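Me: I have a structure here that I'd like to go through with you. Can we start with the terms and then look at the details?

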Amino acid sequence: MMQKVTLNDKLIWDESVDPTRVVASYEILLGKKEGGPYPTVREVGLVHKKTIKDLQIEPGIYFAVIRACDNRGSKSEFSKELSFELLYQLISSPKNFKVAL
């Protein structure tokens, strides 16, 4: 289901529970096509939420996934894909969108 979001909305995800790696950071990957590719990559550090405005993207429709990265350069599988439309103006109060890793 396509979520309508504004710059003040947040993506929120759970901490990675992979016992074989120590997570050093997370990446949010964005693209314009369902199922990828995801050419826009935003490294967000060791946080579990990010405001849409912090992603520095233009209004439009996006498909996004999140992955965990360890300090050796290994990266996890992608999270479940989230689709959203970033609106041109604020039309509602901020919301949180949960992404399953």
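Reply: Terms first. Buried means under 20% relative accessible area, exposed means over 50%, and partly exposed lies in between. Note that this is a predicted model.

Me: Which residue does glutamate 85 form a salt bridge with?

Reply: Lysine 4. The closest N and O atoms are 2.8 Å apart. Glutamate 85 sits in strand S7 and lysine 4 in strand S1 (residues 3-5), so the pair ties together parts that are 81 residues apart in sequence.

Me: And lysine 4, buried or partly exposed?

Reply: Partly exposed, at a relative accessible area of 46%.

Me: How many salt bridges does the structure hold?

Reply: Five. Two of them involve glutamate 27: one with arginine 67, one with lysine 75.

Me: Take arginine 67. What is the N to O distance to glutamate 27?

Reply: 2.6 Å, between the side chains.

Me: Is glutamate 27 buried or exposed?

Reply: Buried. Its relative accessible area is 3%. Arginine 67 is buried as well, at 16%.

Me: Now lysine 75. Where does it lie?

Reply: Lysine 75 is in the loop between S6 and S7. Its side chain meets that of glutamate 27 in a salt bridge of 3.0 Å, N to O. Glutamate 27 is in strand S3, so the pair ties together parts that are 48 residues apart in sequence. Lysine 75 counts as partly exposed, at 39% relative accessibility.

Me: Which residues end up in one network?

Reply: Glu27, Arg67 and Lys75. Salt bridges with shared partners join them.

Me: How far is phenylalanine 78 from leucine 29?

Reply: 9.0 Å in space, C-alpha to C-alpha, and 49 residues in sequence.

Me: Is phenylalanine 78 buried or partly exposed?

Reply: Partly exposed. Its relative accessible area is 41%.

Me: Change of topic. What about the nonpolar core?

Reply: The largest one has 18 residues. Ile28, Leu30 and Phe84 have the most contacts inside it. Strand S2 (10-13), S3, S6 and S7 each supply at least two of its residues. As background, nonpolar side chains in soluble globular proteins tend to be buried together.

Me: What is leucine 30 in contact with?

Reply: Tyr38, Pro39, Thr40, Arg42, Leu55, Ile57, Tyr62, Phe63, Ala64 and Phe84. That leaves aside its neighbours within four places in sequence.

Me: How many aromatic pairs are there?

Reply: Three in the whole structure. Tyrosine 62 and phenylalanine 84 form a stacked pair, with 5.7 Å centre to centre and 25° between the planes. Tyrosine 62 is in strand S6 and phenylalanine 84 in strand S7, so the pair ties together parts that are 22 residues apart in sequence. Tyrosine 62 and phenylalanine 84 are both buried.

Me: Zoom out. How many helices and strands?

Reply: Zero helices and eight strands. Buried residues make up 41% of the 101 residues. Of the contacts with a separation of 6 or more, 68% are between residues 24 or more positions apart.

Me: What does the accessible surface come to?

Reply: About 6200 Å², with 51% of that belonging to carbon and sulfur atoms.

Me: Last one. Where is confidence lowest, and where is it highest?

Reply: Lowest in strand S8 (residues 96-99), with a mean of 62, and highest in S3, at 95. The chain averages a pLDDT of 86, and 86% of the residues score at least 70. Where pLDDT is low, the predicted coordinates should not be read in detail.

How values were computed:
Residues numbered from 1 in each chain as written. Predicted model: local features only at pLDDT ≥ 70, side-chain atom pairs only at ≥ 80, totals over all residues. Heavy atoms only, no water. Buried < 20%, exposed > 50% of the residue type's maximum accessible area, 1.4 Å probe, protein only. Salt bridge = Lys/Arg side-chain N within 4 Å of Asp/Glu carboxyl O. Helix = DSSP H or I, 4+ residues; strand = E, 2+ residues; numbered from the N terminus. Contact = heavy atoms within 4.5 Å. Areas by Shrake-Rupley, 256 points an atom, 1.4 Å probe, with all protein chains shown as cover. Core = buried A, V, L, I, M, F, W, Y, C linked by side-chain atoms within 4.5 Å. pLDDT = per-residue confidence, 0-100. Phe/Tyr/Trp six-rings, centres within 6.5 Å; stacked < 30°, edge-to-face > 60°.
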